[in-house]
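Here are a few notes to read alongside the model.

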Amino acid sequence: MRTFLVLLAGWLAGAAILVALSVDRGSEAHAAPLPVIARTNAAILVPVLGVQADALRDTYEQARSGGRAHHALDIMAPRGTPVLAAVDGTIRKLFFSRGGGLTIYEFDAREERVYYYAHLDHYADLSEGMPVRRGDVIGYVGTTGNASADAPHLHFAIEVLPATKEWWKGEPVNPYPILTTPASTPR
């Protein structure tokens, strides 16, 4: 019984410390936010239904036309496979471009990052400004834009948004290490 009480007291003390550290202190100084990757990977989902994290390949630094780097992850899947919202957020832009074809720009709930889904075959029932939850079907894998007709895939990118929230001016972040952590595995 004494061991149990010691363990219980330790657990309660630890819980009290965590609560004390999480209380809003108004105008007091706060520690700098955690890096993007550390805050993101606990809540992100591999955005193609049925694709496991261990099946992903890092295509972020691959060379593309014009000497540019890819700065995205290509997730291969059969045409028509559901594309899922990677995080809770808001659909900010539905767009067609020559390179990306049918695309979706999703802002996370804090409007800190934008998630870009491209080469979609078609959209799910979506509209700009619509809130989405992690795992909601938002589109379907395809080959629109400059994707090869015989290689359906989702082009998936993450960018840190500037203060102006201009989705086309974000700072790229490699999705591969974020998606390949154990917390990212679809459940």
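1. Which side chain does E111 meet in a salt bridge? The partner is R92, at 2.8 Å from N to O; a salt bridge here is a side-chain nitrogen of Lys or Arg within 4 Å of a carboxyl oxygen of Asp or Glu. E111 sits in the loop between β4 and β5 and R92 in strand β3, so the pair ties together parts that are 19 residues apart in sequence.

2. A word on the basis. This is a predicted model, where local features need pLDDT of at least 70 and side-chain atom pairs count only at pLDDT 80 or more, while totals for chains, interfaces and linings use all residues. Residues are numbered from 1 along each chain as its sequence is written, and side-chain values use heavy atoms, leaving out hydrogens and water.

3. A search of the whole structure finds six salt bridges. One network links D108, R110, E112 and R113, and within it E112 and R110 meet at 3.7 Å, N to O. Do look at E166 and K169 too, which pair at 3.5 Å, N to O.

How values were computed: Helices (H or I, at least four residues) and strands (E, at least two) are DSSP runs, numbered from the N terminus.
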